[in-house]
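Student: I am new to this structure and would like to work through it by question and answer. May we begin with the metal site?

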Amino acid sequence: MEGKEIIKLTETIRFVSILLLVYWIYDYKMNHGLGMAVTFYHVILGVLILMIGILVHLLIKNQTSMFESHNKNVNRERVRYLTKILIFPLLAVILYGTNYYTKFQAELSDSSEISLYQDYQLTNQSVESNKIVSKDSMYAIIEKYKKSTVLLQSRNLHREISWKESKFGGYPNMESFSEYPKCDICKSSLNFVFQLYKKDFPEFYFPVDANIFQLFRCPNYNCNESFSDRYDQKMFHYYSKVDCKKNKVLIKLKNVGDLIEPEVPDCYLKSLVTSDYPKFDDYKSTDWAKLDSNLKESLLDESIEKYVTKSYTKIGGYPSFTQSSYYPKCNCGRIKEFLFQLSSDFPKKADLGIMIGDAGNIYYYICTHCGEKSIESYWDCS
Ligand SMILES: [Zn+2]
Ligand SMILES: [Zn+2]
(Lines give C-alpha, C1' and ligand atoms only; values in the text may rest on other atoms or scores of the structure.)
(Ligands and ions follow the chains in the order given, each with its own letter.)
Protein backbone atom coordinates (compact mmCIF):
# COMPACT_ATOMS: atom_id res chain seq x y z
CA MET A 1 0.00 0.00 0.00
CA GLU A 2 1.39 3.38 -0.97
CA GLY A 3 1.76 6.27 1.50
CA LYS A 4 -0.78 8.43 -0.37
CA GLU A 5 -3.39 5.69 -0.24
CA ILE A 6 -2.84 5.17 3.48
CA ILE A 7 -3.23 8.88 4.13
CA LYS A 8 -6.42 8.92 2.06
CA LEU A 9 -7.77 5.92 4.01
CA THR A 10 -6.94 7.42 7.40
CA GLU A 11 -8.53 10.72 6.31
CA THR A 12 -11.78 8.88 5.48
CA ILE A 13 -11.77 6.91 8.74
CA ARG A 14 -11.08 10.07 10.70
CA PHE A 15 -13.94 11.91 8.99
CA VAL A 16 -16.40 9.05 9.65
CA SER A 17 -15.23 8.77 13.28
CA ILE A 18 -15.79 12.48 13.90
CA LEU A 19 -19.32 12.19 12.43
CA LEU A 20 -20.00 9.17 14.68
CA LEU A 21 -18.59 11.02 17.68
CA VAL A 22 -20.84 14.04 17.10
CA TYR A 23 -23.86 11.75 16.69
CA TRP A 24 -22.90 9.77 19.79
CA ILE A 25 -22.62 12.88 21.98
CA TYR A 26 -25.95 14.18 20.66
CA ASP A 27 -27.59 10.79 21.22
CA TYR A 28 -26.21 10.42 24.74
CA LYS A 29 -27.15 13.92 25.84
CA MET A 30 -30.62 13.92 24.31
CA ASN A 31 -31.77 10.31 24.59
CA HIS A 32 -29.54 8.84 27.32
CA GLY A 33 -27.88 6.42 24.92
CA LEU A 34 -30.80 4.25 23.83
CA GLY A 35 -28.48 1.26 24.09
CA MET A 36 -26.05 2.62 21.48
CA ALA A 37 -23.14 3.12 23.86
CA VAL A 38 -21.66 -0.39 23.84
CA THR A 39 -21.96 -0.78 20.05
CA PHE A 40 -20.27 2.54 19.52
CA TYR A 41 -17.44 1.64 21.83
CA HIS A 42 -16.78 -1.43 19.69
CA VAL A 43 -16.66 0.78 16.58
CA ILE A 44 -14.20 3.17 18.21
CA LEU A 45 -12.11 0.26 19.45
CA GLY A 46 -12.04 -1.18 15.93
CA VAL A 47 -10.92 2.17 14.49
CA LEU A 48 -8.19 2.47 17.11
CA ILE A 49 -6.86 -1.02 16.40
CA LEU A 50 -6.83 -0.23 12.67
CA MET A 51 -4.97 3.03 13.25
CA ILE A 52 -2.38 1.39 15.49
CA GLY A 53 -1.95 -1.27 12.81
CA ILE A 54 -1.29 1.41 10.17
CA LEU A 55 1.11 3.22 12.49
CA VAL A 56 3.12 0.05 13.11
CA HIS A 57 3.08 -0.67 9.37
CA LEU A 58 4.48 2.78 8.64
CA LEU A 59 7.18 2.52 11.26
CA ILE A 60 8.38 -0.78 9.83
CA LYS A 61 8.45 0.63 6.30
CA ASN A 62 10.88 3.33 5.33
CA GLN A 63 8.75 6.36 6.05
CA THR A 64 11.10 8.87 4.42
CA SER A 65 10.79 7.31 0.97
CA MET A 66 7.01 7.07 1.37
CA PHE A 67 6.56 10.76 1.92
CA GLU A 68 9.22 12.07 -0.43
CA SER A 69 7.01 12.02 -3.53
CA HIS A 70 4.15 13.52 -1.60
CA ASN A 71 5.97 16.46 -0.07
CA LYS A 72 9.56 17.58 -0.05
CA ASN A 73 9.51 18.79 3.51
CA VAL A 74 9.66 15.32 5.02
CA ASN A 75 9.85 16.27 8.69
CA ARG A 76 6.89 18.66 8.54
CA GLU A 77 4.76 16.08 6.77
CA ARG A 78 5.74 13.38 9.24
CA VAL A 79 4.69 15.56 12.18
CA ARG A 80 1.38 16.35 10.46
CA TYR A 81 0.82 12.68 9.71
CA LEU A 82 1.54 11.58 13.30
CA THR A 83 -0.81 14.27 14.57
CA LYS A 84 -3.58 12.83 12.37
CA ILE A 85 -3.00 9.40 13.93
CA LEU A 86 -2.73 10.74 17.47
CA ILE A 87 -6.15 12.39 17.13
CA PHE A 88 -7.71 8.96 17.70
CA PRO A 89 -6.41 8.25 21.20
CA LEU A 90 -7.38 11.87 21.95
CA LEU A 91 -10.92 11.23 20.71
CA ALA A 92 -11.05 8.08 22.83
CA VAL A 93 -10.07 10.10 25.93
CA ILE A 94 -12.77 12.70 25.19
CA LEU A 95 -15.35 9.96 24.60
CA TYR A 96 -14.51 8.18 27.82
CA GLY A 97 -14.46 11.44 29.75
CA THR A 98 -17.84 12.59 28.42
CA ASN A 99 -19.44 9.24 29.11
CA TYR A 100 -17.99 9.12 32.62
CA TYR A 101 -19.26 12.62 33.33
CA THR A 102 -22.76 11.84 32.01
CA LYS A 103 -22.89 8.73 34.15
CA PHE A 104 -21.71 10.61 37.24
CA GLN A 105 -24.44 13.22 36.70
CA ALA A 106 -27.02 10.45 36.37
CA GLU A 107 -25.90 8.93 39.69
CA LEU A 108 -26.43 12.28 41.35
CA SER A 109 -29.94 12.72 40.06
CA ASP A 110 -32.21 9.71 40.07
CA SER A 111 -32.12 5.95 40.32
CA SER A 112 -34.43 5.54 37.29
CA GLU A 113 -31.86 7.44 35.26
CA ILE A 114 -29.14 5.08 36.40
CA SER A 115 -31.00 2.04 35.07
CA LEU A 116 -30.62 3.40 31.54
CA TYR A 117 -26.87 3.10 31.99
CA GLN A 118 -26.85 -0.35 33.47
CA ASP A 119 -25.62 -2.06 30.27
CA TYR A 120 -22.61 0.16 30.30
CA GLN A 121 -22.04 -0.22 34.04
CA LEU A 122 -21.83 -3.99 33.69
CA THR A 123 -19.00 -3.65 31.16
CA ASN A 124 -17.03 -1.13 33.17
CA GLN A 125 -15.22 -2.34 36.27
CA SER A 126 -13.37 0.89 37.01
CA VAL A 127 -16.67 2.70 37.48
CA GLU A 128 -17.71 -0.01 39.95
CA SER A 129 -14.63 0.56 42.13
CA ASN A 130 -15.37 4.27 42.04
CA LYS A 131 -18.81 3.55 43.55
CA ILE A 132 -17.16 1.94 46.60
CA VAL A 133 -15.19 5.13 47.24
CA SER A 134 -18.31 7.26 46.93
CA LYS A 135 -20.09 4.94 49.43
CA ASP A 136 -17.68 6.19 52.11
CA SER A 137 -18.42 9.78 51.19
CA MET A 138 -22.15 9.01 51.45
CA TYR A 139 -21.68 7.81 55.03
CA ALA A 140 -19.64 10.97 55.66
CA ILE A 141 -22.69 12.98 54.56
CA ILE A 142 -24.90 11.15 57.10
CA GLU A 143 -22.29 11.57 59.84
CA LYS A 144 -22.46 15.36 59.40
CA TYR A 145 -25.97 15.17 60.91
CA LYS A 146 -24.93 13.25 64.04
CA LYS A 147 -26.22 14.89 67.23
CA SER A 148 -26.16 13.95 70.86
CA THR A 149 -29.45 13.07 72.56
CA VAL A 150 -30.37 12.17 76.14
CA LEU A 151 -32.89 9.35 76.36
CA LEU A 152 -35.13 9.63 79.43
CA GLN A 153 -35.48 6.00 80.36
CA SER A 154 -38.11 4.99 82.88
CA ARG A 155 -38.04 2.03 85.25
CA ASN A 156 -40.98 1.09 87.43
CA LEU A 157 -39.49 0.05 90.76
CA HIS A 158 -42.93 -0.31 92.42
CA ARG A 159 -41.95 2.02 95.21
CA GLU A 160 -42.21 5.73 95.79
CA ILE A 161 -39.41 7.85 94.33
CA SER A 162 -38.46 11.00 96.26
CA TRP A 163 -39.84 14.35 95.08
CA LYS A 164 -36.26 15.58 95.33
CA GLU A 165 -35.24 13.44 92.36
CA SER A 166 -35.74 13.78 88.62
CA LYS A 167 -38.46 11.20 87.92
CA PHE A 168 -41.58 10.15 86.06
CA GLY A 169 -44.98 10.11 87.81
CA GLY A 170 -45.81 9.84 91.49
CA TYR A 171 -45.89 12.91 93.68
CA PRO A 172 -43.92 15.89 92.28
CA ASN A 173 -42.03 18.73 93.94
CA MET A 174 -44.90 21.10 94.84
CA GLU A 175 -42.81 23.83 96.52
CA SER A 176 -43.80 26.51 94.02
CA PHE A 177 -47.53 25.59 93.77
CA SER A 178 -50.33 26.86 95.97
CA GLU A 179 -52.76 24.14 94.85
CA TYR A 180 -52.47 20.95 92.83
CA PRO A 181 -52.44 22.09 89.14
CA LYS A 182 -55.67 21.81 87.17
CA CYS A 183 -56.55 22.12 83.50
CA ASP A 184 -57.62 25.71 82.84
CA ILE A 185 -60.21 24.43 80.34
CA CYS A 186 -61.92 21.39 81.87
CA LYS A 187 -60.72 21.84 85.49
CA SER A 188 -59.51 18.23 85.72
CA SER A 189 -56.58 17.62 88.06
CA LEU A 190 -53.54 17.24 85.85
CA ASN A 191 -51.50 14.08 85.56
CA PHE A 192 -47.87 14.66 86.52
CA VAL A 193 -45.62 13.33 83.74
CA PHE A 194 -42.02 14.08 84.74
CA GLN A 195 -39.70 16.55 86.44
CA LEU A 196 -36.10 17.39 85.58
CA TYR A 197 -33.72 19.03 88.01
CA LYS A 198 -31.07 21.26 86.53
CA LYS A 199 -28.40 19.44 88.59
CA ASP A 200 -29.23 16.22 86.70
CA PHE A 201 -29.79 17.78 83.26
CA PRO A 202 -27.51 20.80 82.86
CA GLU A 203 -27.75 20.44 79.04
CA PHE A 204 -31.53 21.04 79.14
CA TYR A 205 -32.88 24.57 78.77
CA PHE A 206 -33.49 26.37 82.09
CA PRO A 207 -34.17 30.10 82.50
CA VAL A 208 -31.46 31.70 84.67
CA ASP A 209 -33.64 31.76 87.80
CA ALA A 210 -35.03 28.19 87.50
CA ASN A 211 -33.67 24.84 88.59
CA ILE A 212 -36.62 22.50 87.92
CA PHE A 213 -38.77 21.75 84.87
CA GLN A 214 -42.08 19.96 85.34
CA LEU A 215 -44.46 18.54 82.74
CA PHE A 216 -48.16 17.86 83.31
CA ARG A 217 -50.96 16.59 81.09
CA CYS A 218 -54.74 17.01 81.11
CA PRO A 219 -56.05 13.45 81.52
CA ASN A 220 -59.46 14.23 80.00
CA TYR A 221 -59.94 12.91 76.43
CA ASN A 222 -63.11 15.02 76.20
CA CYS A 223 -61.45 18.27 77.25
CA ASN A 224 -62.43 21.08 74.85
CA GLU A 225 -58.77 21.62 74.00
CA SER A 226 -58.01 17.98 73.23
CA PHE A 227 -56.61 17.20 69.81
CA SER A 228 -55.43 20.67 68.86
CA ASP A 229 -52.41 21.34 66.63
CA ARG A 230 -50.13 21.42 69.66
CA TYR A 231 -51.07 18.28 71.59
CA ASP A 232 -53.53 15.39 71.70
CA GLN A 233 -54.43 16.25 75.32
CA LYS A 234 -53.58 19.65 76.70
CA MET A 235 -50.03 19.85 78.08
CA PHE A 236 -48.71 22.16 80.81
CA HIS A 237 -45.11 22.88 81.76
CA TYR A 238 -43.61 24.88 84.62
CA TYR A 239 -40.16 26.18 85.40
CA SER A 240 -39.47 27.15 89.02
CA LYS A 241 -36.79 27.78 91.59
CA VAL A 242 -36.86 25.24 94.40
CA ASP A 243 -34.57 24.48 97.33
CA CYS A 244 -35.74 20.88 98.02
CA LYS A 245 -35.98 21.49 101.79
CA LYS A 246 -39.69 20.95 102.42
CA ASN A 247 -42.37 19.82 100.00
CA LYS A 248 -46.01 20.95 100.11
CA VAL A 249 -48.72 18.35 100.52
CA LEU A 250 -51.43 19.35 98.06
CA ILE A 251 -54.57 17.33 97.51
CA LYS A 252 -55.12 16.02 94.01
CA LEU A 253 -58.86 15.74 93.42
CA LYS A 254 -59.86 12.49 91.72
CA ASN A 255 -61.03 12.87 88.14
CA VAL A 256 -64.23 11.06 87.34
CA GLY A 257 -65.40 9.81 83.97
CA ASP A 258 -64.85 6.98 81.49
CA LEU A 259 -62.36 8.75 79.29
CA ILE A 260 -59.69 9.68 81.81
CA GLU A 261 -56.09 8.70 81.15
CA PRO A 262 -54.59 6.78 84.12
CA GLU A 263 -52.00 8.47 86.30
CA VAL A 264 -48.33 7.99 85.45
CA PRO A 265 -46.84 5.45 87.90
CA ASP A 266 -43.91 6.47 90.09
CA CYS A 267 -40.89 5.66 87.91
CA TYR A 268 -37.19 6.03 88.27
CA LEU A 269 -35.77 8.28 85.52
CA LYS A 270 -32.41 7.26 84.12
CA SER A 271 -30.69 9.24 81.40
CA LEU A 272 -28.74 7.61 78.59
CA VAL A 273 -26.60 9.78 76.34
CA THR A 274 -26.40 8.45 72.79
CA SER A 275 -26.10 9.68 69.22
CA ASP A 276 -29.06 10.58 67.05
CA TYR A 277 -29.67 10.98 63.32
CA PRO A 278 -32.55 12.72 61.56
CA LYS A 279 -35.61 11.42 59.75
CA PHE A 280 -35.12 11.46 55.99
CA ASP A 281 -36.90 14.75 55.35
CA ASP A 282 -34.64 16.52 57.84
CA TYR A 283 -31.73 15.94 55.44
CA LYS A 284 -30.94 18.84 53.10
CA SER A 285 -32.24 17.98 49.64
CA THR A 286 -28.74 18.51 48.18
CA ASP A 287 -27.28 15.96 50.65
CA TRP A 288 -30.16 13.51 50.16
CA ALA A 289 -29.58 13.63 46.37
CA LYS A 290 -25.97 12.48 46.85
CA LEU A 291 -27.04 9.22 48.52
CA ASP A 292 -27.60 6.19 46.29
CA SER A 293 -30.99 4.49 46.08
CA ASN A 294 -30.00 1.51 48.30
CA LEU A 295 -28.86 3.76 51.11
CA LYS A 296 -31.96 5.95 50.82
CA GLU A 297 -34.13 2.85 51.06
CA SER A 298 -32.24 1.67 54.16
CA LEU A 299 -32.76 5.06 55.81
CA LEU A 300 -36.44 5.09 54.86
CA ASP A 301 -37.18 1.58 56.14
CA GLU A 302 -34.85 2.13 59.15
CA SER A 303 -32.86 -1.04 58.50
CA ILE A 304 -29.53 0.51 59.59
CA GLU A 305 -29.96 0.62 63.36
CA LYS A 306 -27.21 3.20 63.85
CA TYR A 307 -29.02 5.79 61.73
CA VAL A 308 -32.52 5.32 63.12
CA THR A 309 -33.94 8.41 64.82
CA LYS A 310 -34.38 7.47 68.50
CA SER A 311 -38.09 7.17 69.17
CA TYR A 312 -38.30 7.33 72.97
CA THR A 313 -38.85 10.28 75.27
CA LYS A 314 -35.64 12.28 74.92
CA ILE A 315 -33.92 15.64 75.24
CA GLY A 316 -32.24 17.09 72.14
CA GLY A 317 -31.17 15.16 69.06
CA TYR A 318 -33.85 14.94 66.37
CA PRO A 319 -37.65 14.72 66.66
CA SER A 320 -38.75 11.21 65.66
CA PHE A 321 -41.61 12.45 63.51
CA THR A 322 -44.15 9.84 62.47
CA GLN A 323 -45.42 12.25 59.79
CA SER A 324 -43.52 14.93 57.86
CA SER A 325 -41.09 17.06 59.82
CA TYR A 326 -42.08 20.37 61.38
CA TYR A 327 -40.00 23.19 62.87
CA PRO A 328 -41.93 26.30 63.95
CA LYS A 329 -40.66 29.82 63.37
CA CYS A 330 -40.19 32.17 66.30
CA ASN A 331 -41.65 35.71 66.34
CA CYS A 332 -38.03 36.95 66.11
CA GLY A 333 -37.71 35.21 62.72
CA ARG A 334 -35.47 32.32 63.82
CA ILE A 335 -36.41 28.67 63.40
CA LYS A 336 -37.00 27.16 66.84
CA GLU A 337 -34.73 24.39 68.10
CA PHE A 338 -35.95 20.96 69.14
CA LEU A 339 -36.01 20.91 72.96
CA PHE A 340 -37.45 17.49 73.88
CA GLN A 341 -40.14 15.01 73.00
CA LEU A 342 -42.61 12.98 75.03
CA SER A 343 -43.25 9.66 73.34
CA SER A 344 -45.92 6.95 73.62
CA ASP A 345 -43.09 4.56 72.88
CA PHE A 346 -41.50 3.14 76.02
CA PRO A 347 -39.39 0.02 76.40
CA LYS A 348 -41.16 -3.01 77.86
CA LYS A 349 -41.65 -3.02 81.66
CA ALA A 350 -41.29 0.78 81.64
CA ASP A 351 -44.64 1.79 80.23
CA LEU A 352 -45.93 5.07 81.58
CA GLY A 353 -49.42 4.43 80.20
CA ILE A 354 -49.32 7.57 78.08
CA MET A 355 -50.85 7.13 74.64
CA ILE A 356 -50.40 10.19 72.44
CA GLY A 357 -53.03 9.84 69.69
CA ASP A 358 -52.18 6.53 68.03
CA ALA A 359 -48.64 5.81 69.29
CA GLY A 360 -47.51 9.38 68.58
CA ASN A 361 -45.17 11.94 70.11
CA ILE A 362 -45.40 15.50 71.40
CA TYR A 363 -42.43 17.64 70.33
CA TYR A 364 -41.30 20.76 72.20
CA TYR A 365 -39.36 23.60 70.58
CA ILE A 366 -37.63 26.71 71.88
CA CYS A 367 -35.93 29.79 70.54
CA THR A 368 -33.04 30.07 72.98
CA HIS A 369 -32.67 33.78 72.06
CA CYS A 370 -36.23 34.51 73.19
CA GLY A 371 -36.29 32.07 76.10
CA GLU A 372 -39.09 30.36 78.01
CA LYS A 373 -41.98 32.29 76.43
CA SER A 374 -41.04 30.93 72.99
CA ILE A 375 -41.55 27.29 74.01
CA GLU A 376 -44.26 25.60 71.97
CA SER A 377 -45.32 22.09 71.15
CA TYR A 378 -46.49 20.10 68.15
CA TRP A 379 -47.63 16.49 67.87
CA ASP A 380 -48.20 13.74 65.35
CA CYS A 381 -49.03 10.06 65.30
CA SER A 382 -49.17 7.21 62.81
ZN1 LIG B 1 -58.55 19.73 80.12
ZN1 LIG C 1 -36.95 34.02 68.97
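Tutor: Let us first settle a term: donors are N, O and S atoms within 2.8 Å of the metal. Please note also that this is a predicted model.

Student: Which residues are the protein donors of the zinc ion (ligand 2)?

Tutor: A donor must lie within 2.8 Å of the metal. The SG atoms that qualify lie 2.2 to 2.3 Å from the zinc ion (ligand 2). They belong to Cys330, Cys332, Cys367 and Cys370.

Student: Is the site of the zinc ion (ligand 2) tetrahedral or irregular?

Tutor: Four donors count as tetrahedral if all angles lie between 85 and 135 degrees. Here the angles among the four donor atoms are 107 to 112°. The site is therefore tetrahedral.

Student: How many residues apart in sequence are the parts that cysteine 332 and cysteine 367 tie together?

Tutor: The zinc donors follow the spacing C-x1-C-x34-C-x2-C along the chain. Cysteine 332 is in the loop between strand S7 (314-316) and S8, whereas cysteine 367 is in the loop between S9 and strand S10 (376-380). The pair therefore ties together parts that are apart in sequence by 35 residues.

Student: Is cysteine 332 buried or partly exposed?

Tutor: Buried means under 20% relative accessible area, and exposed means over 50%. Cysteine 367, at 2%, counts as buried, and so does cysteine 330, at 9%. Cysteine 332 has a relative accessible area of 37%, so this residue is partly exposed.

Student: How many disulfides does a search of the whole structure find?

Tutor: A disulfide is a covalent bond between the sulfur atoms of two cysteines. In this structure, a pair would have to bring its sulfur atoms within 2.5 Å. The search covers the whole structure, and the number of disulfides found is zero.

Student: Which residues touch the most other members of the largest nonpolar core?

Tutor: In soluble globular proteins, nonpolar side chains tend to be buried together. The largest nonpolar core here has 33 residues. Among the elements that give two or more residues to this core are strand S3 (191-197) and strand S4 (212-217). The members that touch the most others are Phe194 and Phe204.

Student: Is serine 154 buried or exposed?

Tutor: Serine 154 is found in strand S1. Leaving aside residues up to four places away in sequence, serine 154 touches Phe168, Cys267, Tyr268, Phe346, Ala350 and Leu352. Because its relative accessible area is 7%, serine 154 is buried.

Methods
Residues are numbered from 1 along each chain as its sequence is written. Chains are lettered from A and ligands numbered from 1 in the order in which they are written. This is a predicted model: local features need pLDDT of at least 70, side-chain atom pairs count only at pLDDT 80 or more; totals for chains, interfaces and linings use all residues. Side-chain values use heavy atoms; hydrogens and water are left out. Buried means under 20% relative accessible area, exposed over 50%, partly exposed in between (1.4 Å probe, protein chains only). A nonpolar core is a set of buried Ala, Val, Leu, Ile, Met, Phe, Trp, Tyr and Cys residues joined through side-chain atoms within 4.5 Å. Helices (H or I, at least four residues) and strands (E, at least two) are DSSP runs, numbered from the N terminus. Contact means heavy atoms within 4.5 Å. Donors are N, O and S atoms within 2.8 Å of the metal (3.2 Å for Na, K and Ca); water is not among the atoms, so sites may look incomplete. Four donors count as tetrahedral if all angles lie between 85 and 135 degrees; four count as square planar and six as octahedral if opposite donors are over 155 degrees apart and all others between 65 and 115; anything else is irregular.
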